[in-house]
Amino acid sequence: MSEVSSAGLSDPAAESARDTDLARAGDDAAFTRLVGPLRRELHAHCYRMLGSTHDADDALQDALLRAWRGFARFEGRSSLRSWLYTVATRTCLDLVGARGKRALPVDLGPSSDRAVLDSAPVRDIAWLGPYPDAGLRDGPAGPQARYEQREAVELAFIAALQHLPGNQRAALLLFDVLGFSVAEIAATMDTSTTSVNSALARARRIVAEKVPASTQQQTLRQLGDQQLREIVAAYCAALENGDADTLVALLTEDVTWSMPPLSHWYRGRAAVTDFAVQVPLSGCGAWQHIPITANGQAAVAGYLWSEDAGAYLGWSVNVFTLRDSKIADITSFIGPEHLAAFDLPISVS
């Protein structure tokens with residue numbers, strides 16, 4: 001029978017201790033209860049390390065399997081959360097070493113001045129992917145963290161992390177995003193505190209060079225929910241109505257638009273407008289959209305009409321980076337596989 005507090009309620013600490021003992025003895029249900037509250041944040045950590053929701057799924061599954069198999073050795077000298085982050089980080093470091101970094105089209109070459117109509121998907125590149133941010137907490141993970149949880153999945157931040165070697169990536173995430181101490185990180189990475197401090201300093205310099213001073217979380221708070229909905233609705237209406245003027249009015253002068261796994265990308269209103277007019281506004285067909293959020297940013301899922309299917313089929317997840325009240329970047333992650341991660345249908349009528 002559960003231990004009961006004086007208020008007549010079960011004691012969480014006692015229940016956790018009992019589940020820990022049961023899990024050490026091989027009770028998988030007890031282990032599942034212990035790790036359940038931490039799965040969401042562990043998954044986000046794996047995505048930050050790997051830049052792919054699919055890889056994060058695999059890494060978390062592998063990490064929890066490793067943790068389960070080694071749980072008899074968990075002595076409780078650190079918290080369960082800290083121990084699980086150690087297992088997850090080491091799992092991700094193995095994958096980073098094997099798979100390398102993920103890229104966006106802007107990492108591969110210069111922008112195109114005119115619409116490229118015969119662009120084919122590039123399949124030999126490990127592309128960065130979008131992240132379903134539902135369930136992520138607002139604010140920092142702890143008092144020592146420098147980033148909010150949603151800031152730390154924004155596209156610019158995740159893309160910047162891809163330019164770091166695995167040890168620097170892990171040090172930055174564990175210290176600045178999750179608030180672990182240098183000593184805890186050294187134990188996690190089986191290295192010295194001097195090495196952690198050095199990796200952290202180098203990582204911060206590189207990320208500072210690549211991440212805008214204003215985060216999307218700051219921009220979204222300044223805009224407010226109503227204005228944000230109006231911007232997203234105007235984008236959807238522009239594509240669905242083939243309205244180039246409305247679309248152009250939403251864009252900054254230096255707007256960029258990229259579409260992984262296509263390698264071509266566009267910078268500036270003229271180039272983006274040329275692409276938009278020839279491809280999504282007139283060349284593709286009829287659209288429908290579902291507003292969502294991805295990577296802590298405004299986004300829409302795009303569905304393209306198929307005569308054969310007699311329905312709109314899932315085509316892309318489009319993530320917007322906003323500056324003031326305009327769209328400064330559109331990253332269109334093409335492929336119906338991205339919609340599944342957001343629990344979206346593969347088609348709409």
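User: Which residues are buried in helix 3?
Analyst: Glu-41, Leu-42, His-43, Ala-44, His-45, Cys-46, Tyr-47, Arg-48, Met-49 and Leu-50 are buried there. That makes helix 3 mostly covered, with 10 of its 12 residues buried. Keep in mind that this is a predicted model.

User: OK, and what covers the buried residues of helix 3?
Analyst: The cover includes helix 4 (53–69), helix 5, helix 6 (155–161) and helix 7 (166–177).

User: How does the span of helix 3 work out at 1.5 Å a residue?
Analyst: It agrees with expectation: the 12 residues, 39–50, should span 16 Å at 1.5 Å a residue, and the end C-alpha atoms are 16 Å apart.

User: What follows helix 3?
Analyst: Gly-51 does, and its phi is positive, near 75°.

User: Let's go to helix 5. Is Leu-93 buried, exposed or partly exposed?
Analyst: Leu-93, which lies in helix 5, has a relative accessible area of 24%, so it counts as partly exposed; the cut-off for buried is under 20%.

User: What does Leu-93 touch?
Analyst: Setting aside residues up to four places away in sequence, Leu-93 touches Met-49, Gly-166, Asn-167 and Ala-170.

User: Switching to the core. How many residues are in the largest nonpolar core?
Analyst: There are 72 residues in it, and Leu-84 and Phe-157 have the most contacts inside. Helix 5 (residues 80–99) gives the most to this core, with nine residues. Apart from it lies another core of 34 residues, including Leu-251, Met-259, Leu-304 and Ile-327.

User: What does Phe-157 touch?
Analyst: Leaving out residues up to four places away in sequence, Phe-157 touches Tyr-147, Glu-151, Ala-152, Leu-172, Leu-173, Val-177, Val-207 and Val-211.

User: Now the rings. How many aromatic pairs are there in the whole structure?
Analyst: A search of the whole structure finds 12 aromatic pairs. One of them is Phe-74 with Trp-83, a tilted pair at 5.2 Å centre to centre and 40° between the planes.

User: Are Phe-74 and Trp-83 buried or exposed?
Analyst: Phe-74 is buried, at 6% relative accessible area. Trp-83 counts as buried too, at 17%.

User: What about the rings of Tyr-235 and Phe-320?
Analyst: Their centres are 4.7 Å apart and their planes sit at 65°, so that pair is edge-to-face. Tyr-235 is in helix 11 (residues 225–241) and Phe-320 in strand 5 (residues 311–323), so the pair ties together parts that are 85 residues apart in sequence. Both Tyr-235 and Phe-320 are buried.

User: Strands next. How do strand 3 and strand 4 pair?
Analyst: Strand 3 (residues 287–294) and strand 4 pair in the antiparallel sense over eight bridges. In one of those pairings, Gln-288 has Tyr-303 of strand 4 as its bridge partner. The two strands form a hairpin with two residues between them, and Asn-295 in the turn has a positive phi of about 55°.

User: And strand 4 with strand 5?
Analyst: That pairing is antiparallel, over eight bridges. The bridge partner of Ser-306 in strand 5 is Ala-311. Strand 4 and strand 5 form a hairpin with four residues between them, where Gly-310 in the turn has a positive phi of about 65°.

User: Is strand 4 mostly covered or mostly exposed?
Analyst: Mostly covered: nine of the 10 residues of strand 4 (residues 297–306) are buried.

User: Last stop, helix 10. Is Gln-217 buried or exposed?
Analyst: Gln-217 lies in helix 10 (residues 216–223) and is buried, with a relative accessible area of 8%. Beyond its neighbours within four places in sequence, Gln-217 is in contact with Glu-148, Arg-150, Glu-151, Glu-154 and Gly-296.

User: And Gln-222, buried or exposed?
Analyst: Gln-222 is in helix 10 and counts as exposed, at 63% relative accessibility. From Gln-222 to Ile-292 the C-alpha atoms are 19 Å apart, and the two residues are 70 apart in sequence.

How values were computed. Residues numbered from 1 in each chain as written. Predicted model: local features only at pLDDT ≥ 70, side-chain atom pairs only at ≥ 80, totals over all residues. Heavy atoms only, no water. Core = buried A, V, L, I, M, F, W, Y, C linked by side-chain atoms within 4.5 Å. Buried < 20%, exposed > 50% of the residue type's maximum accessible area, 1.4 Å probe, protein only. Contact = heavy atoms within 4.5 Å. Phe/Tyr/Trp six-rings, centres within 6.5 Å; stacked < 30°, edge-to-face > 60°. Expected span 1.5 Å × (residues − 1). Pairing = 2+ DSSP bridges.
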